[in-house]
Amino acid sequence: MESVSKAKQRFKQYPLIFGKCGKEASVYATCVLKQDNLMKDNCVTEFQGFKTCLQMSAAKLKTRI
């Protein structure tokens, strides 16, 4: 059950990770909300920025998403 405890520990870090990417999350959410008919890849650049921020924040905390 070590894998379960490690997953729980990573999950506890999520609020910290997401909290550091507020600007990128806002940009992505704004793009999604502007779309009348949201299709795949409409906001891909904004999503990539958000994803990169999440990965970098997780790396700084020495964890993974």
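Trainee: Why is Phe-50 called buried?

Mentor: The relative accessible area of Phe-50 is 12%. Buried means under 20%, exposed over 50% and partly exposed in between, using a 1.4 Å probe and protein chains only. With its 12%, Phe-50 therefore falls in the buried class. Before we go on: this is a predicted model, where local features need pLDDT of at least 70 and side-chain atom pairs count only at pLDDT 80 or more, while totals for chains, interfaces and linings use all residues. Residues are numbered from 1 along each chain as its sequence is written, and side-chain values use heavy atoms, with hydrogens and water left out.

Trainee: You said H1. What makes a run of residues a helix?

Mentor: Helices are DSSP runs of H or I with at least four residues, strands are runs of E with at least two, and both are numbered from the N terminus. Take H3: it covers residues 44-60, 17 residues in all.

Trainee: How do you know that the span of H3 is close to the expected one?

Mentor: The expected span is 1.5 Å times one less than the number of residues. For H3 that gives 24 Å, and the first and last C-alpha are 24 Å apart.

Trainee: Which residues of H3 are buried, and how do you know that they share a side?

Mentor: Phe-50, Cys-53, Leu-54, Ser-57 and Ala-58 are the buried ones. They cover an arc of only 130 degrees around the axis, so they sit on the same side of H3; the arc is taken from the directions between the helix axis and the C-beta atoms. Thr-45, Ala-59 and Lys-60 are exposed, on the face turned away from that buried side. The buried residues pack against helix H1 (2-19) and helix H2 (22-34).

Trainee: What makes the largest nonpolar core a core?

Mentor: A nonpolar core is a set of buried Ala, Val, Leu, Ile, Met, Phe, Trp, Tyr and Cys residues joined through side-chain atoms within 4.5 Å. Here the largest one holds 6 residues: Ile-17, Cys-21, Phe-50, Cys-53, Leu-54 and Ala-58. H3 gives the largest share of this core, 4 residues. Look at Leu-54: leaving aside neighbours within four places in sequence, Leu-54 is in contact (heavy atoms within 4.5 Å) with Ile-17, Phe-18, Cys-21 and Ile-65.

Trainee: How do you know that Cys-21 and Cys-53 form a disulfide?

Mentor: Their sulfur atoms are 2.1 Å apart, and a disulfide is a pair of cysteine sulfur atoms within 2.5 Å, so the pair qualifies. This pair links distant parts of the chain, with Cys-21 in the loop between H1 and H2 and Cys-53 in helix H3, 32 residues apart.

Trainee: Why is the disulfide of Cys-21 and Cys-53 called left-handed?

Mentor: The torsion about its S-S bond is about -95 degrees, so left-handed it is. The structure holds 2 disulfides. Cys-31 and Cys-43 form a disulfide too, with an S to S distance of 2.0 Å. The torsion there is about -90 degrees, so this disulfide is left-handed as well. Cys-31 lies in helix H2 and Cys-43 in the loop between H2 and H3, 12 residues apart.

Trainee: Why is the ring pair of Phe-18 and Phe-50 called tilted?

Mentor: A search of the whole structure finds 5 aromatic pairs. In this one, the ring centres are 6.3 Å apart and the planes stand at 50 degrees. Rings of Phe, Tyr and Trp (its six-membered ring) pair if their centres lie within 6.5 Å, and planes under 30 degrees apart count as stacked, over 60 as edge-to-face and the rest as tilted. So the pair is tilted. Phe-18 itself is partly exposed, at 42% relative accessible area.

Trainee: What makes the pair of Tyr-28 and Phe-50 stacked?

Mentor: The centres of Tyr-28 and Phe-50 are again 6.3 Å apart, but the planes are at 15 degrees, so this pair is stacked. Tyr-28 is in helix H2 and Phe-50 in helix H3, so the pair ties together parts 22 residues apart in sequence. Ring pairs link Phe-11, Tyr-14, Phe-18, Tyr-28, Phe-47 and Phe-50 into a cluster.
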